[in-house]
Amino acid sequence: MTCDEARILLHALLDNELDAGHAREVEAHIAGCPGCAAELAAQREMQRVLADTNLRYTAPASLRARIEASLPEPQRQPSRRSVLRGFAMGSAVSALAATGIVAIVLRQDDQQRILSEVVSAHLRSLQAGHLTDVISTDQHTVKPWFNGKLDVAPPVIDLTAQGFTLVGGRLDYIDARAIGAVVYKRRQHVINLFVSQTSSTEHRPPKTQTMQGFNCRRWGERGLNFWAVSDIGADELAEFVDKFETAMKANVEG
Amino acid sequence: MPPTSDDPDKARRFREAALPHLDDVYTLARYLLRDASDAEDAVQECYLRALKHFDSYRGPAMKPWLFAILRNVCNAEYARRAHRPSALEDTPGAAEQTPIWQESEASPETEVLRSRDAGAIRKLIEALAEPFKETFVLREINNLSYREIAETVGAPIGTVMSRLARARALLRAAWTAEEEQAK
């Protein structure tokens with residue numbers, strides 16, 4: 001490796017973007033080259049100072065408000081026209097909701113709506129501090145945590161050995177019901193596994209859908225509905241579901 | 001159901017997907033445009049365009065997608081400035097005087113530990129030439145991976161790596177030059 005190459009690759013080393021093989025090559029060069037070693041040390045020091053400095057800007061509240069105002073929103077301060085429209089539509093919908101008929105009206109859109117709620121819940125979980133209520137890589141800690149909080153505790157299975165690290169659990173709300181979310185990580189990617197009870201005990205094979213750039217794989221088994229959501233590729237998510245299903249079967253039979 | 005009824009739902013999904021990244025998008029706009037009010041306009045335009053294309057959005061992750069839209073908006077702004085070159089130079093201090101974005105200043109004790117305060121470092125970064133500045137901000141401040149930067153700017157990862165190396169070398173040179181002057 002030449003110094004010119006090393007001067008570029010040492011940044012990838014600093015950023016943890018190199019695979020093990022290339023990292024070893026760069027480290028080997030630096031070990032034998034005082035010039036590149038000094039450059040790495042200097043860049044590491046600069047990165048440390050930068051990391052300690054707040055270089056971000058906060059969007060002004062007025063900008064946030066302007067963007068919010070440009071989005072169509074039902075709860076916004078109603079204008080006279082939208083009040084009239086609201087009587088025509090909104091109150092009719094809420095009257096239906098009050099009687100429970102809305103469940104029938106919406107049934108055909110149910111799956112799409114729940115998918116959208118699942119993706120929204122996944123997005124909320126990615127905001128700082130929202131990912132887990134209980135943080136543990138130990139399934140024997142996560143599993144009892146759910147007990148008493150839900151009618152049915154979700155199966156908590158450690159898949160670390162299979163490449164999916166258990167990081168914790170969380171209570172979430174889908175379809176206006178509290179449900180359990182078991183959180184896994186694949187590299188830096190978060191996988192939320194939502195589990196809810198269903199009256200149907202039939203097996204429904206896994207199916208992947210995409211919404212807003214997220215893959216969601218849903219299936220049904222033993223009276224439970226599952227939704228696995230992540231930004232990892234569809235093939236990796238399918239692998240996750242396969243591994244989970246295999247491990248769950250082994251748990252039940254074993 | 002009337003076709004308008006899914007608009008609030010789309011808006012809600014868009015709000016939940018895109019608004020959490022507002023500070024990130026605004027930060028990139030501030031560094032790219034070096035002006036608070038131009039950055040605000042660019043970010044608002046970015047979100048309008050994003051909402052418009054939200055139906056066809058299938059990935060990549062939301063943040064790089066928004067950044068890519070913001071870049072297009074900023075490129076249009078660069079073109080506008082090129083036709084009216086005096087617009088920026090007339091008010092060089094305006095951005096710094098706008099108090100609305102001012103972060104809480106570092107305390108005097110921590111300033112001793114740091115070789116530069118945040119404001120000085122921001123100025124050094126702002127002064128970097130494109131495309132090095134953009135790559136640097138996406139990596140160091142917006143925390144994108146090399147792959148995400150490559151997707152955002154539409155360049156191969158190798159190009160991203162060499163730009164980043166150049167950006168950091170330029171920044172460190174400017175930094176040490178200032179320190180020499182300060183002595």
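This is a predicted model: local features need pLDDT of at least 70, side-chain atom pairs count only at pLDDT 80 or more; totals for chains, interfaces and linings use all residues.
Confidence was first examined for each chain. Chain A averages a pLDDT of 80, with 84% of its residues scoring at least 70. Among the elements of chain A, strand β7 (residues 224–230) has the highest mean pLDDT, at 92, whereas helix α6 (residues 102–105) has the lowest, at 39. The pLDDT is below 50 over residues 75–108 of chain A, a stretch with 13 contacts in the model beyond near neighbours in sequence. For chain B the mean pLDDT is 78, and 77% of the residues reach 70 or more. Residues 1–5 of chain B stay under 50, and the model has 3 contacts for them beyond four places in sequence. A further stretch of chain B with pLDDT below 50 covers residues 85–114, for which the model contains 29 contacts beyond near neighbours in sequence.

The interface was then considered as a whole. In the model, 45 residues of chain A are in contact with 58 residues of chain B. About 4800 Å² is buried between the two chains, and carbon and sulfur atoms account for 61% of this area. On the side of chain B, the residues that lose the most area to chain A are Arg15(B), Arg168(B) and Arg172(B), which together contribute 12% of what that side buries.

Between chain B and chain A, 19 residue pairs are in polar contact, with both residues at pLDDT 80 or more. Several helices of chain B each supply at least two residues to the side that touches chain A, namely α1 (7–18), α2 (22–33), α3 (36–52), α8 (118–126), α9 (132–141) and α11 (157–182). The greatest contribution comes from α1(B), which gives 10 residues. By residue class, the side of chain B that touches chain A comprises 31 nonpolar, 7 polar and 20 charged residues.

Arg168(B) forms a salt bridge with Asp15(A), with the closest N and O atoms 3.0 Å apart. This pair links helix α11 of chain B, which holds Arg168(B), to the loop between α1 (3–14) and α2 (20–31) of chain A, which holds Asp15(A). Arg172(B) meets the side chain of Glu39(A) in a salt bridge with an N to O distance of 3.2 Å.

In chain A, an unreviewed UniProt entry places the feature "domain: Putative zinc-finger" at residues 3–37. In the model, this segment is 80% helix and 0% strand, and its end C-alpha atoms are 10 Å apart.

Two backbone features of chain B were also noted. Most residues other than glycine have a negative phi, and most peptide bonds are trans. The peptide bond from Glu130(B) to Pro131(B) is cis, with omega near 5 degrees, and Pro131(B) lies in the loop between α8 and α9 of chain B.

Terms used. Residues are numbered from 1 along each chain as its sequence is written. Chains are lettered from A and ligands numbered from 1 in the order in which they are written. Side-chain values use heavy atoms; hydrogens and water are left out. Contact means heavy atoms within 4.5 Å. Buried area is the accessible area (1.4 Å probe) that two parts lose on being put together, summed over both. A salt bridge is a side-chain nitrogen of Lys or Arg within 4 Å of a carboxyl oxygen of Asp or Glu. A polar contact is a pair of N or O atoms within 3.5 Å; within protein, one must be able to donate a hydrogen and the other to accept it, and residues adjacent in sequence count only if both atoms are side-chain atoms. Helices (H or I, at least four residues) and strands (E, at least two) are DSSP runs, numbered from the N terminus. Ala, Val, Leu, Ile, Met, Phe, Trp, Tyr, Cys and Pro count as nonpolar, Asp, Glu, Lys and Arg as charged, and the others, Gly among them, as polar. UniProt positions are given in the numbering used here, feature names are shortened, and annotations may be inferred rather than shown by experiment. pLDDT is the predictor's confidence in each residue, from 0 to 100.
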